[in-house]
Amino acid sequence: MDLTKTLRVMKLTAILIMAACLTASAKGVAQKITLKAKDLPLTKVLHELEKQSGYQFLYFDGDIKLAKNVSVDVTNTDFKTVLEQCFKDQPLTYEITEKTVVIKQKEAPKKETPAPIETTTIPPPPSEIHGRVV
């Protein structure tokens, strides 16, 4: 009788521990950002996002100099939505890899090059061969 009670307590404990771990995991993934920035340089906005989210930003200084100032007003919004708003009208794009956000220039649209004109090579005119077959 005592053994079944112990097994029930152990099962219940295992279920509670698993539920607690899943709850903590879900909260860690869903980063919520509150940010109010009006016409600030992108670097300052990225610095504030870095503090609130724990993500790191990787970029070249030359690329960031091309960026326009950013105006964002969000409250309790997820991290990806805030990034989309920050990069909406920018000549830059971003890619999230684990806890790092890599920022780079948008690729310029490739111009279509016209197909090369097919040139047919004309064989040289037959030449006369003289000789004797033995």
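Which strands form the open sheet, and in what order do they lie? In this predicted model, in which residues are numbered from 1 along each chain as its sequence is written, local features need pLDDT of at least 70 and side-chain atom pairs count only at pLDDT 80 or more. Totals for chains, interfaces and linings use all residues, while side-chain values use heavy atoms, with hydrogens and water left out.

The protein has four helices and five strands, where helices (H or I, at least four residues) and strands (E, at least two) are DSSP runs numbered from the N terminus. Read from that end, the elements follow the order α-β-α-β-α-β-α-β-β. Three strands make up the open sheet, in the order β2-β5-β4 and with mixed pairing; two strands are taken to pair if DSSP finds at least two bridges between them. The edges are formed by β2 and β4 (92–97), each of which pairs on one side only. On average, and with direction ignored, neighbouring strands of this sheet are turned by 25 degrees against each other.

Strands β4 and β5 (residues 100–105) run antiparallel and are joined by six bridges. Glu95 has Val102 in β5 as its bridge partner, and Ile96 stands opposite Val101 in β5. The hairpin of β4 and β5 has two residues between the strands, and in this hairpin Glu98 takes a positive phi near 55 degrees.

Helix α2 (residues 42–53) lies across β2, β4 and β5 and runs at about 145 degrees to β2. Helix α4 packs on the sheet and touches β2, β4 and β5, its direction making about 160 degrees with that of β4. For these angles, axes are lines fitted to C-alpha atoms, for helices over the stretch in contact, and the values run from 0 to 180 degrees between N-to-C directions.

A search of the whole structure finds three aromatic pairs; rings of Phe, Tyr and Trp (its six-membered ring) pair if their centres lie within 6.5 Å, and planes under 30 degrees apart count as stacked, over 60 as edge-to-face and the rest as tilted. The ring centres of Phe57 and Phe79 are 6.4 Å apart and the planes stand at 50 degrees, so this pair is tilted. Because Phe57 lies in strand β2 (residues 56–58) and Phe79 in helix α4 (residues 79–86), the pair ties together parts that are 22 residues apart in sequence. Both Phe57 and Phe79 are buried, a term that means under 20% relative accessible area, with exposed over 50% and partly exposed in between (1.4 Å probe, protein chains only). The rings of Phe87 and Tyr94, with centres 5.2 Å apart and planes at 45 degrees, also form a tilted pair. Phe87 is buried, at a relative accessible area of 5%, whereas Tyr94 is partly exposed, at 22%.

Ring pairs also link Tyr55, Phe57 and Phe79 into a cluster. The charged end of Lys99 sits over the ring of Tyr55, 4.3 Å from its centre; this description requires NZ of Lys or CZ of Arg to be within 6 Å of the ring centre and within 35 degrees of the ring normal.

Key: Contact means heavy atoms within 4.5 Å.
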